[in-house]
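I keep these entries as a record of what I looked up, topic by topic. The model comes first, and the notes follow it.

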Amino acid sequence: MSGISGNAPSTLKVDVDIKHTWRGDVVIDLIAPDGSAYRLKNSSSNDSADNVIATYTVNASTEVANGTWKLKVQDIARYDTGYIDSVKLTF
């Protein structure tokens, strides 16, 4: 992000579209420019549905808005596969 003054909002919206054959394997974190991690989604062995298409709200008000924000996605199990189709931050 560039050109945004001040801190990120307390209601930062993170839209994700992750294609995956067992979404319960997926753990998602938003990484702020200073390296702080905000957990968006934990794994769940009971969630066998496909894909993670969701909007998460993060209180990122202690973070400077300008800088490089990253999405860290982990597949914590074997066999299933997936990829990030899209991600969008709304300040």
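**Entry 1**

I began with D17, which forms a salt bridge with K19, the closest N and O atoms being 2.8 Å apart; I use the term for a side-chain nitrogen of Lys or Arg within 4 Å of a carboxyl oxygen of Asp or Glu. Before going further I noted that this is a predicted model, in which local features need pLDDT of at least 70 and side-chain atom pairs count only at pLDDT 80 or more, while totals for chains, interfaces and linings use all residues. Residues are numbered from 1 along each chain as its sequence is written, and side-chain values use heavy atoms, with hydrogens and water left out.

D17 counts as buried at 15%, whereas K19 is partly exposed at 21% and D85 is partly exposed at 42%.

**Entry 2: D29 and R39**

A search of the whole structure finds four salt bridges, and one of them joins D29 to R39, with the closest N and O atoms 2.7 Å apart. D29 lies in strand 2 and R39 in strand 3, so the pair ties together parts that are 10 residues apart in sequence. Is D29 buried or exposed? At 5% relative accessibility D29 counts as buried, while R39 counts as partly exposed at 45%.

**Entry 3: strand pairing**

Strands of a sheet pair through backbone hydrogen bonds, either parallel or antiparallel. I count two strands as paired if DSSP finds at least two bridges between them.

I looked up the open sheet of three strands, which has the order 3-2-5 with antiparallel pairing. Its edge strands are strand 3 (37–41) and strand 5 (70–75), each of which pairs on one side only. The twist averages 25° from one strand to the next; for such angles the axes are lines fitted to C-alpha atoms (for helices over the stretch in contact), and the values run from 0 to 180 degrees between N-to-C directions. Strand 2 (residues 26–31) is joined to strand 3 by four bridges, the two running antiparallel, and I28 stands opposite K41 in strand 3.

How many bridges join strand 1 to strand 4? I found seven between strand 1 (residues 12–20) and strand 4 (residues 52–58), which run antiparallel, with L12 opposite V58 in strand 4. Strand 1 is also joined to strand 6 (residues 82–90) by eight bridges, again antiparallel, and here I18 stands opposite I84 in strand 6.

**Entry 4: the aromatic pair**

The structure holds one aromatic pair. It consists of W69 and F91, edge-to-face, at 5.8 Å centre to centre with 70° between the planes. The criterion takes rings of Phe, Tyr and Trp (its six-membered ring) with centres within 6.5 Å, and planes under 30 degrees apart count as stacked, over 60 as edge-to-face and the rest as tilted. W69 counts as buried at 11% relative accessibility, whereas F91 is partly exposed at 32%.

**Entry 5: positive phi**

Most residues other than glycine have a negative phi, and I therefore looked up the exceptions. N51 has a positive phi of about 65° although it is not a glycine; N51 lies in the loop between strand 3 and strand 4 and counts as partly exposed at 24% relative accessibility. For Y79, in the loop between strand 5 and strand 6, phi is near 85°, a positive value in a residue other than glycine. Y79 counts as exposed, at 73% relative accessibility.

Definitions and conventions. Buried means under 20% relative accessible area, exposed over 50%, partly exposed in between (1.4 Å probe, protein chains only).
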